[in-house]
Amino acid sequence: MAKCQACVLTCMDFRIQGPVAAWLREKGLAGKYDYLSLPGASRNFLNEGKLTLVEDSYRLHHIKEVYLIHHEDCGAYNLGDLPVEEQLARQRQDMELAARILKERLPELKVYLAFLYLDGHVVELTSI
């Protein structure tokens with residue numbers, strides 16, 4: 001039986017589910033992660049007090065990593081009229097805040113940030 005290695009937080013957008021799963025498979029994580037999906041990913045993760053979901057994953061499944069994955073043209077951010085790099089810059093603020101809070105609460109976790117372009121390309125950002 002595979003051990004759970006990570007907790008993955010993405011936006012709920014149906015357009016990104018396949019590319020995210022493929023990227024995680026390429027990283028060797030297939031079948032080894034808990035999956036959380038919220039509109040706007042980190043934005044609603046923080047605003048709606050869902051931090052305990054990652055804490056539950058840690059407590060119950062002994063995860064070692066968290067992946068915060070945002071994407072281009074996210075409706076929760078309503079930035080689709082801006083250039084993609086500006087969309088990323090604005091979303092990255094929430095990603096980094098969520099990562100800092102996670103590290104404060106669970107310092108032993110490695111937190112990875114990533115951004116998905118709608119063509120399926122994933123860019124890994126600085127991990128924390």
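Author: A residue counts as buried when its relative accessible area is under 20%, as exposed when that area is over 50%, and as partly exposed in between. The model is a predicted one.

The part to look at is helix H1, which spans residues 14-26. Its buried residues are Ile16, Val20, Trp23 and Leu24. These four cover an arc of only 95 degrees around the axis, so they sit on the same side of H1. The general rule behind this is that an α-helix has 3.6 residues a turn, so residues three or four places apart point the same way. On the face of H1 turned away from the buried side, the exposed residues are Phe14, Arg25 and Glu26.

What lies over the buried residues? The cover includes five strands: S1 (6-10), S2 (33-37), S3 (65-71), S4 (110-116) and S5 (122-124). Just after the helix comes Gly28, whose phi is positive, at about 80 degrees.

The wider setting is as follows. The protein has 4 helices and 5 strands, and from the N terminus on these elements run β-α-β-α-α-β-α-β-β. Among contacts between residues at least 6 apart in sequence, 71% join residues at least 24 apart. Of the 128 residues, 43% count as buried. A compact globule with 128 residues would have a radius of gyration near 14 Å, and the protein, at 14 Å, agrees with that. Along the principal axes, the C-alpha atoms fill a box of roughly 45 × 30 × 25 Å. The accessible surface comes to about 6600 Å², and carbon and sulfur atoms account for 52% of it.

Next come the charged pairs. Side chains of opposite charge can pair when their charged atoms come close. The structure holds 8 salt bridges. One of them joins Asp94 and Arg43, with 3.7 Å between the closest N and O atoms. Asp94 belongs to helix H4 (residues 84-105) and Arg43 to helix H2 (residues 42-47), so this pair ties together parts that are 51 residues apart in sequence. Asp94 has a relative accessible area of 18%, which means that it counts as buried. Arg43, at 29%, is partly exposed. Leaving aside residues up to four places away in sequence, Asp94 touches Ser42, Arg43, Leu46 and Tyr77.

Another salt bridge joins Arg105 and Glu55, and here the closest N and O atoms are 2.7 Å apart. This pair also links distant parts of the chain, since Arg105 is in helix H4 and Glu55 in helix H3 (residues 51-61), 50 residues apart. Arg105 is partly exposed, with a relative accessible area of 46%.

The side chains of Arg92 and Glu96 meet in a salt bridge of 2.9 Å, N to O. Both residues lie in helix H4, 4 residues apart, which is about one turn of the helix. Both count as partly exposed: Arg92 has a relative accessibility of 22%, and Glu96 has a relative accessible area of 28%. There is also a network of salt bridges that links Asp13, Arg15 and Asp73.

The cysteines remain. A disulfide is a covalent bond between the sulfur atoms of two cysteines. How many disulfides are there? The count is 0, the cut-off being sulfur atoms within 2.5 Å. For Cys4, the closest cysteine sulfur is that of Cys7, 7.4 Å away, which is too far for a bond. Cys11 is in no disulfide either, as the nearest cysteine sulfur, that of Cys74, lies 3.9 Å away. Cys11 is buried, with a relative accessible area of 5%.

Methods:
Residues are numbered from 1 along each chain as its sequence is written. This is a predicted model: local features need pLDDT of at least 70, side-chain atom pairs count only at pLDDT 80 or more; totals for chains, interfaces and linings use all residues. Side-chain values use heavy atoms; hydrogens and water are left out. Buried means under 20% relative accessible area, exposed over 50%, partly exposed in between (1.4 Å probe, protein chains only). Helices (H or I, at least four residues) and strands (E, at least two) are DSSP runs, numbered from the N terminus. The arc is that of the directions from the helix axis to the C-beta atoms. Contact means heavy atoms within 4.5 Å. A salt bridge is a side-chain nitrogen of Lys or Arg within 4 Å of a carboxyl oxygen of Asp or Glu. The radius of gyration is taken over C-alpha atoms; the globule rule is 2.2 Å times the number of residues to the power 0.38. Accessible areas come from the Shrake-Rupley method with a 1.4 Å probe; for residues, only the protein chains shown count as cover.
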